[in-house]
Amino acid sequence: MAEDISWNPWLSTVVAVGVSLLTAAAALLLLTLIVVLVSRRVEWVRELARRARNALFAVVAVVAVWISCSVSEPANADWWPAISRLFLIATILTGAWLLGALASFGFERLMEREEQERMGPDARRRRTQLLVIHRLVLVTIAILALGTVLFTFPEMRAVGASLLASAGIVSIIAGLAAQSILGNLIAGVQIAFTDAIRVGDVVVVEGEWGRIGEINLSYVVVYIWDERRLVVPCNYFTTTPIETWTRRSDKILGTVFMDLDWRVPMAEVRAEFQRIVEESPYWDGRSSSALVTDSQGGFVTVRFVMSAKNSSDQWDIRCEVREQMMTWLQRTHPEALPLTRVAMEQPR
């Protein structure tokens, strides 16, 4: 009989926990029904609920169990302060998880809206800034959550207060800022807000042509045209000159150089070149010219210039012009192809 009496308080604790969990489940079910109704008019609400569901369930479950235990028998035990601190830490961590999920959803919605617009220089700049801010927000949430967890321990609060009160904290921060890791982090933020490069920009880095694919807090990934990936530290872009083809506009000029014989009929070459670019789907109609730009030895250098709306079309029209002009010269003016002349003197 005494054993039954001693178990009654724990039985009430189990009942309290069960009631709390059932209440939390009912509240979540009601919230789910509201989300279903609202999502019929606002589509993104369903996606938001899906992204935050697991984190919200974890927060609600931890808080429900914590509250039910704090008002029942375990709250009177000697070991309850340690268990209560564990509940507090779990609440902080799951709350940070939920906050991070909500922040990620919000930034992804903003970036999707930018992708739906025309990806010009301004749109690429805003997308780059959103990517960097998104990562900064997630890192900040993680650091604040970890700091809050540490400060739940009285010993850590004393250490933190002494460090913050110390005059040497400034020198510690300055020393850390001089390190390469933090220097890369600062360079990543600088890249995003100084508009030096943007996601989607066409650049030439280390002799490689490609597009800026990712801008992280410490490194940038360049997508090379042949599907390789070039990973470059952020501080490289703040200390080294780079070549960018899309700084203010995607429009670009392309050139093709051909070494031809002195007998090349430039009027016919110019007419054929104009016909090729006018029939090409890659020409944007802004500019085209065919000029003799050099004459050395037994050759003349003919430069063909054509414009395109972006670097991809520029590459295609350059290849098209080079191939068609070569074929046309072979077929109609073989004498214009480059050749080497050798003069043989008659023996005396």
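Guide: Let's start with a word we'll need: a residue is called buried when its relative accessible area is under 20%. Keep in mind that this is a predicted model.

Visitor: Okay, so is Ser-311 buried or exposed?

Guide: Ser-311 comes out at a relative accessible area of 4%, so it is buried. You'll find Ser-311 in helix 10. Setting aside neighbours within four places in sequence, Ser-311 is in contact with Val-202, Trp-209, Arg-211, Trp-245, Asp-250 and Ile-252.

Visitor: Which other residues of helix 10 are buried?

Guide: Among them are Asp-313, Gln-314, Ile-317, Arg-318, Val-321 and Trp-328. The buried residues of this helix pack against strand 1, strand 2, strand 6, helix 9 and strand 8.

Visitor: How do I check the length of helix 10 (residues 311–332)?

Guide: Count 1.5 Å a residue: its 22 residues should span 32 Å, and the end C-alpha atoms are 31 Å apart, which agrees.

Visitor: What goes on at the start of helix 10?

Guide: Look for a side chain reaching back to the backbone. Asn-310 sits in the loop between strand 8 and helix 10. A side-chain oxygen of Asn-310 comes within 3.2 Å of the backbone nitrogen of Ser-312. The backbone nitrogen of Asp-313 also has a polar atom of the Asn-310 side chain 2.8 Å away. Beyond four places in sequence, Asn-310 touches Asp-250 and Ile-252.

Visitor: And where does Gly-254 belong?

Guide: Gly-254 is part of strand 6 (residues 252–260). With a relative accessible area of 0%, Gly-254 is buried. Leaving out residues up to four places away, Gly-254 touches Phe-304, Val-305, Met-306, Gln-314 and Arg-318.

Visitor: Now the rings. How many aromatic pairs does the structure hold?

Guide: There are 3 aromatic pairs. For each one, check the distance between centres and the angle between planes. Planes over 60 degrees apart count as edge-to-face. Tyr-236 and Phe-237 have ring centres 5.5 Å apart and planes at 80 degrees, so they make an edge-to-face pair. Both Tyr-236 and Phe-237 are buried. Another pair, Phe-273 with Phe-304, is tilted, at 5.1 Å centre to centre with 40 degrees between the planes.

Visitor: What does the pair of Phe-273 and Phe-304 tie together?

Guide: Phe-273 is in helix 9 (residues 266–279) and Phe-304 is in strand 8 (residues 299–308), so their pairing ties together parts 31 residues apart in sequence. Both of these Phe residues are buried. While you're looking at rings, find Tyr-223 too: Arg-229 lies over its face, at 3.9 Å from the ring centre.

Visitor: Which residues is Ile-215 in contact with?

Guide: Apart from neighbours within four places, Ile-215 is in contact with Thr-128, Val-132, Arg-135, Ile-191, Ile-197, Arg-198, Val-199 and Val-220.

Key:
Residues numbered from 1 in each chain as written. Predicted model: local features only at pLDDT ≥ 70, side-chain atom pairs only at ≥ 80, totals over all residues. Heavy atoms only, no water. Helix = DSSP H or I, 4+ residues; strand = E, 2+ residues; numbered from the N terminus. Buried < 20%, exposed > 50% of the residue type's maximum accessible area, 1.4 Å probe, protein only. Contact = heavy atoms within 4.5 Å. Phe/Tyr/Trp six-rings, centres within 6.5 Å; stacked < 30°, edge-to-face > 60°. Lys NZ or Arg CZ within 6 Å of the ring centre and 35° of its normal. Expected span 1.5 Å × (residues − 1). Polar contact = N/O pair within 3.5 Å; in protein donor to acceptor, adjacent residues only side chain to side chain.
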